[in-house]
Amino acid sequence: MHSVEARSGAVCQVARWKPVQAATTAPKAPVKTRETASPRFHQALAAHQAAAPAQRVDPGIAEAGERQTKAMRELSRLAFPEPPLTEGQPPSRTPMSSATARPAPPTPPPCDGRGPGGRA
């Protein structure tokens, strides 16, 4: 505890904050997982899953999502068209064609053992 004097002259006791050390040892008891849970847990889980209503998706929302995906793919094809194929060339299966790919960065010069600025 640390004493602090307030503006009114009253002395307040304030606890100092101390960082908590992380545990460095393994837990003493085995960790419970769904696989190691009790049979009663499995019964309760099965009852809950049977009673919980199935998630329903509004058909209008699903259709709107499909329309939006279709429109985005069409815009992507317009913005990034595939180059025309030449005879005997298989179609590109990579997400970025070679026409739009960036060139590789230049290779740095070999190291001669000297540090920055040419110092040894």
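**Reading a predicted chain: a dialogue**

Modeller: By the salt-bridge rule, a side-chain nitrogen of Lys or Arg within 4 Å of a carboxyl oxygen of Asp or Glu, the count here comes to one. This is a predicted model, where local features need pLDDT of at least 70, side-chain atom pairs count only at pLDDT 80 or more, and totals for chains, interfaces and linings use all residues. Residues are numbered from 1 along each chain as its sequence is written, and side-chain values use heavy atoms, with hydrogens and water left out.

Biologist: Which side chains meet in the salt bridge?

Modeller: Those of Arg77 and Glu74, at 3.3 Å from N to O. An α-helix has 3.6 residues a turn, so residues three or four places apart point the same way. Here Arg77 and Glu74 are three residues apart in helix H2, about one turn.

Biologist: Is Arg77 buried or exposed?

Modeller: Buried means under 20% relative accessible area, exposed over 50%, and partly exposed in between, with a 1.4 Å probe and protein chains only. Arg77 counts as exposed at 51%, and Glu74 is partly exposed at 38%.

Biologist: What pattern does the chain follow along the sequence?

Modeller: Helices (H or I, at least four residues) and strands (E, at least two) are DSSP runs, numbered from the N terminus. The chain has two of each, in the order β-β-α-α.

Biologist: How far apart are the end C-alpha atoms of H2?

Modeller: The expected span of a helix is 1.5 Å times one less than its number of residues. For the 21 residues of H2 that gives 30 Å, and the end C-alpha atoms are 30 Å apart, which agrees. Helix H1 (residues 39-51) reaches 18 Å, close to the 18 Å expected.

Biologist: How many residues of H1 are buried?

Modeller: One of its 13, so H1 lies largely in the open. Across the 120 residues of the chain, 2% count as buried.

Biologist: Where is confidence lowest, and where highest?

Modeller: pLDDT is the predictor's confidence in each residue, from 0 to 100. Its mean is lowest in strand S1 (residues 2-5), at 53, and highest in helix H2 (residues 59-79), at 94. Where pLDDT is low, the predicted coordinates should not be read in detail. Over the chain the mean is 75, and 63% of residues reach 70 or more.
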